[in-house]
Amino acid sequence: MCGICGAVWNDPAGALDDGLLKAMMDRIAHRGPDDSGVYRDDHVALGFRRLAIVDLEGARQPLCNEDGTVWVVFNGEIYNFPELQRLLEGRGHVLRSRGDTETLVHLYEDEGPGMFQHLRGMFALAIWDVRRRSLLLGRDRLGQKPLLYREHAGRLVFASELKALLALPDADVPRRVDPTAVDHYLTFGYVPQPRTILDGACKLPPAHYAVWSEGRLRVERYWSPDWNRERRRTASEDAEELRATLEEAVREQMVADVPLGAFLSGGVDSTAVVGLMQRASSRPVKTFAIGFPDAAYDETAFAAAAARAIGTEHHTFIVEPKAWETIPELARRFDEPFADSSALPTWRVARETRREVTVALTGDAGDELFGGYDRYRALALTEILQRVPVGPRRALARTMSRLIPRSGKAKSRLRALERLTERIDRPAANRYLGWMTTFDEVERLALYADDQLDRLATYSAGLADPGSIDPATIQARAFAAADGRDVVTRAMVADILTYLPGDLLYKVDMASMAHGLECRAPFLDHRVVELAAAMPVDRKLRLRPGRSKVVLKRACADLIPERISRRRKMGFGVPVGRWFRNELKDEISAILLDPSTLARGLFRPDRVRLLIDEHAAGRREHGHRLWALLMLELWMREYLDPV
């Protein structure tokens, strides 16, 4: 696990000098505290920071082929590298190291961009072809490892993190916020690919590669499973294949020359992964959990129960309201504004876990693959209601809305029912977006100052495809990837394409790599993803509460205690609503109502005050919205304001 950065250019006037390359590398030193390296010639500069996991003494980067005509810098892990080594040696290649990096240069020699079809792992990479004077960038299928770039004035710069690009002068990477990215952030809680918060800087999307040659950049998708494919087999056959595939993924991802452990939340996904790890291990697996004093948000009792049943060496940490000490650090370390408050416990558990191990396996993606979110069940229920004629359906929604009291508790069942009835009459993709948003369209338009509304209108008018910046269109296009399937499967595929890389995987990567911890997710093995995607929805979700992840629970029934298998999903939230009414009330007001904040011209001061006042008085629950505004402002202070 590492950090990469660099630049490629045609004209010598655009060369990236040594000082700027070093500055970029310094910005991502946390990703690779063990080693560093540089390669440069007349047209390229490659920088590398290493966190040593496999082949600790060898595989230093940048690494080249035998004659120095192909160079690679690489962040991530290729889990099937032993298989690739045998393949390459069979083709006549002589490998000089025992790690995964060298397989990349030889695969590129043989197959060019076709190499990505062979890779099983998580990665972001850059390969420089000296003879062709071309640079190949690539990112893993699901988006576990980030890769960003900017084209400007005949030069392409790239890096693992946006903060490395921000080491360059303003003339190269302007500190100019993309107004549509702000709109996306307030909608989704993150900035979806390919945009970043900065105008002109882009994310390479998951499952894509890019080739820069002769001053031009071409971006292509290399993996696009048929999300509409549905395979009908017996429940036993599905469970057996899932178990075998997961077992192999876990075994591959346990390969490391450094201490290894796992996050254990006490949910089905992490418990299954840890159970498989323990079966493959000769000693107790080290597991780590995070909790809160607020029982409504605390899962540590379930994590401890899972640890006892499996037989792990378990560690528990508690996040107190004094977490304010960590919040500004989150804004500094995360590349972009990020509104998912679970970044805070993820940050803390990564920090504490790193004291014991260097690699941690996670249960990430189990919800998206096997129907774990309550919103999937809500979508199925409201889809049934769509069969009711329009008039009676709307009357039912109005009646339910009147009967449900306005709840001040974001996690209460009344609030969940309230959110469901608010959108009962909308099309599926729009209904689903409404449940996912931080600020919906009406709320955003009411919040924006006139200057921000003007920026949005001007930016939209200059686009060839204005729909590409509309949040509802982004969501609808993601749903359409599986337009031949049932509505719940469409939602799960949409989450795999958007929410998973944009929110969950970004959060884990940034929080873990800030502490030099590598996180691996067996559920994101693309064989597991393709297998799960082909299963019918009734293998995953039943409408009765507690009946989700049916096939996963069956596949891992011997690993998951019944207490955990039957529990309702709690989620990984943070009690920010309570904090902003009590312990952090003064802090939220001081920052969001600061004259310098209001002077940015993004938001109407009266609307910001209304959000704070309604929340403090308990009239409305705005904790997640205030958190989003707070993280946006703290990020701007860190990266945009002059020092």
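Analyst: One term before we start: two residues are in contact when they have heavy atoms within 4.5 Å. The model above is predicted.

User: What covers the buried residues of α3?

Analyst: Begin with burial: a residue is buried if its relative accessible area is under 20%. By that cut-off, helix α3 (residues 101-111) is mostly covered, with eight of its 11 residues buried. Those buried residues are T101, E102, T103, L104, V105, H106, L107 and Y108. The cover over them includes the strands β4 (63-64), β5 (70-78), β6 (121-129) and β7 (134-139). Helix α2 (81-90) is also part of that cover. Just after α3, G112 has a positive phi of about 55°.

User: Which residues touch the most other members of the largest nonpolar core?

Analyst: Think of a core as buried nonpolar residues joined through their side chains. Here the largest one holds 180 residues, and M115, L119 and L242 touch the most other members. Helix α28 (residues 623-639) is its top contributor, with 11 residues. Another core, of 22 residues, lies apart from it; I4, Y39, V44 and F48 are among its members.

User: Which residues does L119 touch?

Analyst: Leave out residues up to four places away in sequence. L119 then touches I78, N80, L84, L104, L107, L125, R141 and H526. Two of these, L104 and L107, are on the list of buried α3 residues.

User: How many cavities of 30 Å³ or more are there?

Analyst: Rolling a probe the size of a water molecule over the atoms shows where empty space is left. In this model the count is 10 cavities of 30 Å³ or more. The largest cavity contains about 200 Å³ of space.

User: What lines the largest cavity?

Analyst: Its lining has 21 residues, and R139, K203, E336, P501 and Y506 lie nearest the centre. By class, the lining of the largest cavity has 11 nonpolar, four polar and six charged residues. Helix α20 (residues 499-513) supplies the largest share of this lining, five residues.

User: How is the second largest pocket lined?

Analyst: A cavity holds points where the probe fits but cannot get out, whereas a pocket is open. The second largest pocket has about 570 Å³ of space. Its lining counts 26 residues, with Q193, R221, I474, L497 and T498 nearest the centre. Helix α18 gives the most, three residues. The classes in this pocket's lining are 15 nonpolar, seven polar and four charged.

Technical notes
Residues are numbered from 1 along each chain as its sequence is written. This is a predicted model: local features need pLDDT of at least 70, side-chain atom pairs count only at pLDDT 80 or more; totals for chains, interfaces and linings use all residues. Side-chain values use heavy atoms; hydrogens and water are left out. On a 1 Å grid over the protein atoms alone, a cavity is a set of points where a 1.4 Å probe fits but cannot get out, and a pocket is an open set with protein on both sides within 12 Å along at least five of seven lines; lining residues have an atom within 4 Å of a point. Grid points are joined across faces, edges and corners, and a volume is the space filled by probe spheres set on the points. Helices (H or I, at least four residues) and strands (E, at least two) are DSSP runs, numbered from the N terminus. Ala, Val, Leu, Ile, Met, Phe, Trp, Tyr, Cys and Pro count as nonpolar, Asp, Glu, Lys and Arg as charged, and the others, Gly among them, as polar. A nonpolar core is a set of buried Ala, Val, Leu, Ile, Met, Phe, Trp, Tyr and Cys residues joined through side-chain atoms within 4.5 Å. Buried means under 20% relative accessible area, exposed over 50%, partly exposed in between (1.4 Å probe, protein chains only).
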